[in-house]
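Please open the model in your viewer and keep the selection panel at hand. The tour below moves from one selection to the next and says what is found at each stop.

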Amino acid sequence: MQTIHLPTIGTFDAWRDQARACLMAEQRPETLRWVMGADGGDLFDAPVAHAAPGGPPPNVPRAFVALARSVIWHRDPERFARLYALLWALRDRPALISDRGDAGIARLNDMAKAVRRDIHKMHAFVRFREIAEPVEGRRQFAAWFEPSHFTTEPGAAFFAKRFGDMDWAILTPDLSAHFRAGQLRFDAGQPKPPLPEDATEDLWRTYFRNIFNPARLKVNAMQTEMPRKYWKNLPEAALIPELIATAPARAREMALAMPTIAPPRAARVLDRLAETRTPAPVVGDQAEYLAGLQGCTRCPLAQSATQAVPGEGPPDAALMIVGEQPGDHEDLAGRPFVGPAGQLFDRLAAQAGLDRSRAYVTNAVKHFKFQPRGKRRLHQSPDRDEIDHCRWWLDVERRLIRPRLLVAMGGTAAYSLTGDKSGLLKRRGSVEPGPDDTPVLITLHPSYILRLPDETARQKASADLTGDLACAVELVRQAA
């Protein structure tokens with residue numbers, strides 16, 4: 001049995017060099033005994049003697065190097081032998097490093113995880129105390145910590161980066177880290193020294209007390225993240241028993257002090273109350289209608305739209321065409337049906353023998369609803385509340401114009417005039433009773449036709465809308 005002694009400082013580099021040499025010398029794992037520190041060995045130990053290397057340095061998987069950099073700091077005395085045994089096996093089975101079903105690999109991964117967790121705890125629970133007056137402008141601090149594994153060396157680099165403007169020491173039973181004038185060095189471990197009280201710890205305890213949320217207290221989870229073994233060295237830990245004991249009472253006080261949040265239905269109720277409490281203006285003619293519409297704030301759509309878009313046409317029109325809402329072009333122009341859908345409507349209406357200048361054209365909703373997307377404004381369909389709020393203006397238009405026939409183009413118009421937007425394609429071409437017994441002809445909206453991806457479907461839908469408009473012209477003629 002040959003013994004390899006490893007130092008307590010720079011352990012990984014020393015183990016890596018020795019392991020490489022042993023591997024190249026074809027020394028089997030069972031012939032080696034690995035020790036760290038002042039272990040003197042036993043009666044049967046022999047000094048290690050490496051044979052002359054028989055070839056180039058071994059090719060080691062990167063995953064093994066990453067694993068070894070963590071496992072090497074574990075407190076298990078067999079960690080060096082386990083790593084070398086794996087390194088020996090990887091010569092013939094390089095894929096073994098990825099075999100999570102192998103018991104040896106699983107054990108090493110658990111050890112690496114424990115080391116990483118211990119380093120994380122060190123970063124979280126080291127508490128520095130100021131121990132002396134500044135020297136050459138650098139304040140002096142020290143901390144006592146008791147890690148579960150040999151993690152002082154790999155964990156100290158974090159503090160060198162974070163506290164590079166001060167001198168400090170982290171003292172542990174195994175190893176001590178000293179940072180002076182920007183240089184990090186390690187010395188032997190030592191017993192816990194008598195560190196002085198730090199005035200800033202009172203401020204830290206005040207902060208900890210104020211961020212402690214009794215309503216979210218889970219003692220087991222807290223002890224998992226802050227194990228009891230660290231409490232004796234944490235200034236805030238003295239507060240924990242009291243905070244746990246008083247948590248239920250404090251949580252009740254917080255609940256009683258919290259403002260109550262109204263349920264979602266309360267907003268709808270308040271909207272209805274506001275609508276009934278604020279009487280709508282009296283509209284006697286077209287001028288009053290236009291003035292009242294431009295000042296309308298009955299729904300949130302008025303906040304983002306450029307302007308309200310009223311209907312247009314003769315004041316005595318026998319036919320009223322009702323669409324959905326203004327689009328981007330209509331919102332900017334202030335006129336209904338002037339965009340792509342309006343241009344398609346004009347073309348199909350002309351084919352149907354419908355003179356637009358003799359009809360009153362409007363929309364069920366008077367403001368443009370959209371979603372900003374870069375420089376574009378993408379159309380969004382109005383919801384039922386917005387249609388219901390805007391129905392008042394459509395009713396005003398009906399009372400002023402008094403048409404003999406209403407044409408509802410699309411689901412929004414159908415809902416506004418008949419209270420039902422379902423089954424629009426099945427209802428298309430039919431005449432249904434509308435408000436004040438005015439008949440309503442149900443048909444398609446031109447924008448629906450524009451959205452159809454298939455040319456054959458677009459031609460059929462265009463023919464359907466043209467036929468419905470021609471039917472509307474005939475119905476109005478018969479009612480004259």
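Select T443 to begin, a residue placed in strand 15 (residues 439-443), where strands are DSSP runs of E with at least two residues, helices are DSSP runs of H or I with at least four residues, and both are numbered from the N terminus. At 0% relative accessibility T443 counts as buried, a word that here means under 20% relative accessible area, while exposed means over 50% and partly exposed anything in between, with a 1.4 Å probe and protein chains only. If residues up to four places away in sequence are set aside, T443 touches V407, A408, M409, G410, L424, R428, L465 and D468, a contact being heavy atoms within 4.5 Å.

Before going further, note that this is a predicted model, in which local features need pLDDT of at least 70 and side-chain atom pairs count only at pLDDT 80 or more, whereas totals for chains, interfaces and linings use all residues. Residues are numbered from 1 along each chain as its sequence is written, and side-chain values use heavy atoms, with hydrogens and water left out.

The side chains of R428 and D464 meet in a salt bridge at 3.9 Å, N to O, the term standing for a side-chain nitrogen of Lys or Arg within 4 Å of a carboxyl oxygen of Asp or Glu. R428 lies in the loop between helix 16 (424-427) and strand 14 (431-433) and D464 lies in helix 18 (residues 455-479), so the pair ties together parts that are 36 residues apart in sequence. R428 counts as partly exposed at 24% relative accessibility, whereas D464 is buried with a relative accessible area of 19%.

Next, select D331 and R377, whose closest N and O atoms are 2.9 Å apart in another salt bridge. Which parts does this pair tie together? R377 belongs to strand 12 (residues 376-379) and D331 to helix 12 (residues 328-333), so parts that are 46 residues apart in sequence are tied together by the pair. D331 is buried, with a relative accessible area of 0%, while R377 is partly exposed at 23%. Showing the surroundings of D331 brings up A305, T306, Q307, V309, P326, F368 and R377, which D331 touches when residues up to four places away in sequence are not counted.

Now move to helix 6 (residues 200-211), which holds Y207. Within helix 6, E201 and R205 are 4 residues apart, about one helical turn, and their side chains meet in a salt bridge of 4.0 Å, N to O. E201 counts as buried, at 5% relative accessibility. Y207, by contrast, is partly exposed with a relative accessible area of 46%, and together with W204 and I211 it makes a nonpolar surface patch of about 310 Å². Such patches consist of residues with over 30% relative accessible area and no salt bridge, in which like charges are joined within 9 Å and nonpolar side chains (Val, Leu, Ile, Met, Phe, Trp, Tyr) within 5 Å.

Y84 and W88 form a tilted pair, 6.5 Å centre to centre with 45° between the planes. Y84 is buried at 0% relative accessibility, and W88 is buried as well at 13%. Then select F128, F158, F159, F163, W168 and F179, which ring pairs link into a cluster.

Finally, clear the selection and view the whole protein, which has 18 helices and 15 strands. The radius of gyration, taken over C-alpha atoms, is 41 Å, well over the 23 Å that the globule rule (2.2 Å times the number of residues to the power 0.38) gives for 480 residues, so the protein is more spread out than a compact globule. Its C-alpha trace spans about 125 × 60 × 45 Å along the principal axes.

Definitions and conventions. Areas by Shrake-Rupley, 256 points an atom, 1.4 Å probe, with all protein chains shown as cover. Phe/Tyr/Trp six-rings, centres within 6.5 Å; stacked < 30°, edge-to-face > 60°.
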